[in-house]
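I opened the notebook on a new model today and looked up a few things. Here are my entries, in the order I made them.

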Amino acid sequence: MSHNTTQNTFPQPLTGAALVIGTLCLAMANFLAILDTTIANVSVSNIAGSLGTSTSQGTYVITSYAVAEAISVPLTGWLASRFGALRVFVICLLMFGVFSTLCGMATSMNMLVLFRVFLGFSGGPLMPLSQTLMMRIFPKDKSHVAIGIWSMTTLVAPIMGPILGGVICDQFSWHYIFICKTPFAIAAGFMCWKMLQRYETQTAKSRIDVVGLGLLVVWVSALQIMLDEGKDHDWFASTRIVILAIIALIGFISFLIWELTERNPVVDLRVFRHRGFTTSMVTLSLAFGAFFGITVLTPLWLQIYMGYTATIAGYSTAMMGVLAVFLAPLVATLATKIDPRPLVFAGVLWLGLWTLFRSQADMSMTFS
């Protein structure tokens, strides 16, 4: 027993070609999960038109995936401790491939949104687990390289999403923006299972906080539906929106109370007692909110009001992140040598200024 514990706690890092292939497979998983947050953005108009719904309803394709991810990410820790990190990672990656195909085969908006929800549940654990496994397969003294590669895929995916989505949608069909991910997900899943068996983590039969999970699903779903449908129902002039807002508020307060008093909470809110962690999470939430706000709204605006094709809208949206791709390895290296706080400050400030600039856009703008 002690031998197995040692093997699981201190597995030897990969070397040579095995390290390269393992890194590519883990990076691929993270890339695919994040790619799905933006690949459909420029195709919403085409998807909505093809399935006979409005563009407003078409945005459910994006938000259903995001909400499912938001619910499944907090479950990752429990799933990994209960079934093993590698096992959960591989199963989620294979399910991601299957549900990607089902999304591409959908024949109605309801069916597509349902499969996108399952796709989000599959994709949520891929991001944290890919980072965890990446750190385990790299030598300790090369951990900054692992973080740099993982960060790079996190940045490249949202940039590539609009471009790939636009080109595939215009040249082929919107169905293929989902189907094209399937072979990569399944191949990466099988490769990870074959190569990374020794990095499996210990398991324990811990019970899940069912009440906390239920409250999380209720308030996040109610809030997201309220935000999605508010503009179509004149916000709080609508009884439907008011009811959703009340459900979200009561659900959120109940969730906070329950999680702070539960012995094994689904989301351990006690970590927010640490000021540094709280500040980091607030910063990360606001920064990603601004980033994804731009990447969702800009393609829609360019296509509906400026008459851009999905491809040109994709190129226009993606250009804003090209510099980040080149800076990611440099920043990852610098963060190990200097205080990372000035780097974070500079990055968030730049994003804020860019968002402010985008808010001044009007229809006299040109592509160049």
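First, a term for the pocket entry: on a 1 Å grid over the protein atoms alone, a pocket is an open set of points where a 1.4 Å probe fits, with protein on both sides within 12 Å along at least five of seven lines, and lining residues have an atom within 4 Å of a point.

I noted that this is a predicted model, where local features need pLDDT of at least 70 and side-chain atom pairs count only at pLDDT 80 or more, while totals for chains, interfaces and linings use all residues. Residues are numbered from 1 along each chain as its sequence is written, and side-chain values use heavy atoms, with hydrogens and water left out.

**Pocket.** I looked up the second largest pocket and found about 500 Å³ of space in it, a volume being the space filled by probe spheres set on the points. Its lining has 24 residues, with Tyr60, Ser64, Val113, Ile225 and Asp228 nearest the centre. Two or more lining residues come from each of α4 (55-58), α5 (60-72), α8 (109-123) and α13 (210-229); helices here are DSSP runs (H or I, at least four residues), numbered from the N terminus.

**Helix α12.** Which residues of α12 are buried? I found Thr182, Ala185, Ala188, Gly189 and Cys192, buried meaning under 20% relative accessible area and exposed over 50% (1.4 Å probe, protein chains only). They sit on the same side of α12, because they cover an arc of only 145° around the axis. Facing away from that buried side are the exposed Pro183, Phe190 and Lys194.

**Confidence.** Average pLDDT (the predictor's confidence in each residue, from 0 to 100) is 83 for the protein. Over residues 1-8 it stays under 50, and I remind myself that where pLDDT is low, the predicted coordinates should not be read in detail.

Note on methods: Contact means heavy atoms within 4.5 Å. The arc is that of the directions from the helix axis to the C-beta atoms.
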